Amino acid sequence: MAMTQKQSIEAFTDGACSGNPGPGGWGVWLRYGNHEKELCGGESDTTNQRMELQAAIEALKALKRPSSITIYSDSKYVIQGITEWIDGWKRRDWRNTAKKPVSNRDLWEQLDALNERHQVTWQWVKGHAGHEGNERADALARQGIPSDT
């Protein structure tokens, strides 16, 4: 394999919430060749959408150097937000088409900065459909939900 050809990293991300809002968790399953890494965490008071975004952020934060990565998510909110809506939000000073402030702007700004640093392919997958990566990420997200709330 030529040194210039980068092997692509795969990340499966998911968020979960016990109540919405409520305690929530995020999960990431990273794969690179024969290597894999599982990450999870959570917050005691959050929303499902914030946890979906946090999972994608954590996947990209785990990369030590600019990389080529495919992120698989069952969240159309995350996929469409980062690939379709974000440029308009930035042009409108973080307002949506209804001229209201964009929800979760803090996380979108983090995700946008990380997305610029890496070569990211965003891929939607159907959730809870037996997709191995999505099932692993879902299990990690549920594991990340704080239990002492």
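Where does Lys99 lie? Lys99 is found in the loop between α2 and α3. The structure is a predicted model, in which local features need pLDDT of at least 70, side-chain atom pairs count only at pLDDT 80 or more, and totals for chains, interfaces and linings use all residues. Residues are numbered from 1 along each chain as its sequence is written, and side-chain values use heavy atoms, with hydrogens and water left out. Helices (H or I, at least four residues) and strands (E, at least two) are DSSP runs, numbered from the N terminus.

**Packing of α1 and α3**

- Two packed helices are described by the angle between their axes and the distance between the axes.
- Helix α1 (residues 48-61) and helix α3 (residues 105-117) have axes that come within 10 Å and cross at roughly 30°; axes are lines fitted to C-alpha atoms, for helices over the stretch in contact, and angles run from 0 to 180 degrees between N-to-C directions.
- The two helices, α1 and α3, are therefore roughly parallel to each other, a term for angles under 35 degrees.
- On the α1 side, Arg50, Leu53, Gln54, Ala56, Ile57, Leu60 and Lys61 meet Asp106, Leu107, Trp108, Gln110, Leu111, Leu114 and Asn115 of α3, where contact means heavy atoms within 4.5 Å.
- Sorted by class, this contact of α1 with α3 has eight nonpolar, three polar and three charged residues; Ala, Val, Leu, Ile, Met, Phe, Trp, Tyr, Cys and Pro count as nonpolar, Asp, Glu, Lys and Arg as charged, and the others, Gly among them, as polar.

**Backbone features in loops**

- Most residues other than glycine have a negative phi, and most peptide bonds are trans.
- Lys99 is not a glycine, yet its phi is positive, at about 65°; with 65% relative accessibility, Lys99 counts as exposed (buried means under 20% relative accessible area, exposed over 50%, partly exposed in between, with a 1.4 Å probe and protein chains only).
- Asp93, also a residue other than glycine, has a positive phi near 55°; Asp93 is placed in the loop between α2 (76-91) and α3 and counts as exposed at 54% relative accessibility.
- A cis peptide bond, with omega near 5°, runs from Asn20 to Pro21, and Pro21 belongs to the loop between β1 (9-17) and β2 (22-32).

**Cysteines**

- The structure holds zero disulfides, a disulfide being a pair of cysteine sulfur atoms within 2.5 Å.
- For the sulfur of Cys17, the closest cysteine sulfur is that of Cys40, 15 Å away and therefore too far for a bond.
- Cys17 is partly exposed, with a relative accessible area of 22%, and Cys40 is partly exposed, with 32%.

Note on methods: Parallel < 35°, antiparallel > 145°, perpendicular 65-115°, else oblique.
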